[in-house]
Amino acid sequence: MNATKDLLSGCTTFRCSFESQWEQRAKGITSMVAVYFPKKIFAYCHWWNSVTSKKCGYIWRKVPAKLVPLLLANYSFNNHPIYFIEVSMDSNERLSYNNVKKYQRHPGCTAITLVPGGGKGMFPSRNACPYGVLKFSEVGIVEVDNIKIAWPKRGHGQHSAPLAEIVEVDAEDEDDIYICKIKIRYVSSYKPAYTALEPNTQYTVVAAGYAKYR
């Protein structure tokens, strides 16, 4: 072992700890992407290495549509958007991008982010490893800018609650204001601004939608 250490002592990669390498990688993450072929394939990418052209992510097959929101929530990062692209293929193998949406975990979320487990399972946990497993932080993959890759201790599955709540945000929003879109609007549930807001008071908009009033 000592001979191996001496041999690698002059190697710049060996001299730079894995934790330092991970910290530099994590700081360069700006967003993620997930691609879905309905009932066929779900693929996600946490980051892309422009030097090696390698992608960090995984592909699962035969994923039902009802499972997609859970995967988006569990495999997204805090404070970073994830773009969801729904794709279809015609008989001539031409691809069509049917739906492109942008999702974001709630501001202030501190939940962990999953990576596939043993056998590339969707729902890994530390308790599922009979011989024990090291935490990601113990091998250098530490928290960086609220990015926390980890496995939960207890087992979970497709019927479990998501690790974090996500909301759809405006895909064209470049300011990252993360306003939730209200899709179902009942006019009777909302009051006109002049009856609900106080003058000279500052408010934070967290959700928005529009409807026609008669």
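Which residues does Asn78 touch, not counting residues up to four places away in sequence? Keep that in mind as you open the model, which is predicted.

**Stop 1: Asn78.** Select Asn78. You land in the loop between α4 (68–74) and β4 (82–89). Now show its neighbours. Leaving out residues up to four places away in sequence, Asn78 touches Arg105, Cys109, Thr110, Ala111, Asn146 and Lys148. Buried or exposed, then, is Asn78? Asn78 is buried, because its relative accessibility is 0% and the cut-off for buried is under 20%.

**Stop 2: the aromatic rings.** Next, colour Phe, Tyr and Trp. The model holds nine aromatic pairs. Pick out Phe136 and Trp151, which form an edge-to-face pair. Their ring centres lie 5.5 Å apart, with 80 degrees between the planes. Both residues sit in the loop between β5 (95–105) and β6 (166–169), so the pair ties together parts that are 15 residues apart in sequence.

Check the surface at each ring. Phe136 has a relative accessible area of 19%, so Phe136 is buried. Trp151 counts as buried too, at 13% relative accessibility.

**Stop 3: the ring cluster.** Finally, select Tyr36, Phe42, Tyr44, Tyr58, Trp60, Tyr75 and Phe84 together. Which feature links these residues? Ring pairs join them into a cluster.

Terms used: Residues are numbered from 1 along each chain as its sequence is written. This is a predicted model: local features need pLDDT of at least 70, side-chain atom pairs count only at pLDDT 80 or more; totals for chains, interfaces and linings use all residues. Side-chain values use heavy atoms; hydrogens and water are left out. Helices (H or I, at least four residues) and strands (E, at least two) are DSSP runs, numbered from the N terminus. Buried means under 20% relative accessible area, exposed over 50%, partly exposed in between (1.4 Å probe, protein chains only). Contact means heavy atoms within 4.5 Å. Rings of Phe, Tyr and Trp (its six-membered ring) pair if their centres lie within 6.5 Å; planes under 30 degrees apart count as stacked, over 60 as edge-to-face and the rest as tilted.
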